[in-house]
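This briefing is meant to be read with the sequence and the coordinates open side by side.

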Amino acid sequence: MAYATIEDVERSWREVAAFERERFEQTLEDAALWLDGQCEASGVDPSGVQTEVLRMLSVNLVRRMVGELDPTGSDPQLTTYTDQTSQWSVPARVGGDFYLTKGERVLLGVGRGRAGFSA
């Protein structure tokens with residue numbers, strides 16, 4: 001079960017186009033499983049973490065996965081999609097890894113040390 005919804009992503013970041021919805025929903029599910037794994041590996045019960053923290057972290061993970069929260073600070077490459085009624089520009093980066101920043105690790109309660117990366 002995902003900790004955030006498409007509507008949370010849209011409130012926090014940008015509108016999710018119809019063709020992106022399925023990918024975003026799956027990435028939100030994956031983010032929840034990954035967060036649960038980070039908690040389990042650190043001996044933290046995810047049910048003890050505030051719902052809002054899990055929601056915010058899920059949205060941040062999705063944003064990083066699609067390239068918006070780029071830690072290098074480089075300008076994003078955009079891809080433009082057009083159909084009969086509209087046009088979207090989205091980050092061209094195909095994907096990345098899930099990871100938590102030091103501050104996010106503190107919020108999640110998973111301890112100190114290096115940021116956790118996905119395999």
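How many helices and how many strands does the protein chain have? In this predicted model, the protein chain has four helices and two strands, and these elements follow one another along the sequence in the pattern α-α-α-β-β-α.

**Overall architecture**

- Of the 119 residues in the protein chain, 37% are buried.

- Glu7 and Arg21 form a salt bridge in which the closest N and O atoms are 3.7 Å apart. Because Glu7 belongs to helix H1 (residues 6–12) and Arg21 to helix H2, this pair ties together parts that are 14 residues apart in sequence. Glu7 is partly exposed at 41% relative accessibility, and Arg21 is likewise partly exposed, its relative accessible area being 27%.
- Asp8 forms a salt bridge with Arg55, with 3.3 Å between the closest N and O atoms. The pair links distant parts of the chain, since Arg55 is in helix H3 (residues 51–65) and Asp8 is in helix H1, 47 residues apart. Arg55 is partly exposed, with a relative accessible area of 24%, whereas Asp8 counts as buried at 9% relative accessibility.
- Arg64 and Glu104 meet through their side chains in a salt bridge, at 2.7 Å from N to O. Arg64 lies in helix H3 and Glu104 in helix H4 (residues 102–108), so the pair ties together parts of the chain that are 40 residues apart in sequence.
- Are the two partners Arg64 and Glu104 buried or exposed? Arg64 has a relative accessibility of 5% and therefore counts as buried, and Glu104, at 6% relative accessibility, counts as buried too.
- Salt bridges that share partners also build a network, in which Asp8, Arg11, Glu52 and Arg55 are joined into one.

**Negative charge on the surface**

- Which residues gather in a patch of negative charge on the surface? The patch is made up of Glu22, Glu25, Glu29 and Asp30.
- Glu29, one of the residues in this patch, is found in helix H2, which covers residues 21–42. With a relative accessible area of 32%, Glu29 is partly exposed, and it can belong to the patch because patch residues must have over 30% relative accessible area.

**A buried residue in a loop**

- Leu100 is located in the loop between strand S2 (87–91) and H4, and at 1% relative accessibility Leu100 counts as buried.
- How far apart are Leu100 and Arg64 in sequence and in space? Leu100 and Arg64 are separated by 36 residues in sequence, while their C-alpha atoms are 9.9 Å apart in space. Arg64 is the residue in helix H3 that pairs with Glu104 in helix H4, and like Leu100 at 1%, Arg64 falls in the buried class, at 5% relative accessibility.

Conventions: Residues numbered from 1 in each chain as written. Predicted model: local features only at pLDDT ≥ 70, side-chain atom pairs only at ≥ 80, totals over all residues. Heavy atoms only, no water. Buried < 20%, exposed > 50% of the residue type's maximum accessible area, 1.4 Å probe, protein only. Patch = residues over 30% accessible without salt bridge, like charges linked within 9 Å, V, L, I, M, F, W, Y side chains within 5 Å. Areas by Shrake-Rupley, 256 points an atom, 1.4 Å probe, with all protein chains shown as cover. Salt bridge = Lys/Arg side-chain N within 4 Å of Asp/Glu carboxyl O. Lys, Arg positive; Asp, Glu negative; His and termini not counted. Charge placed at Lys NZ, Arg CZ, Asp CG, Glu CD.
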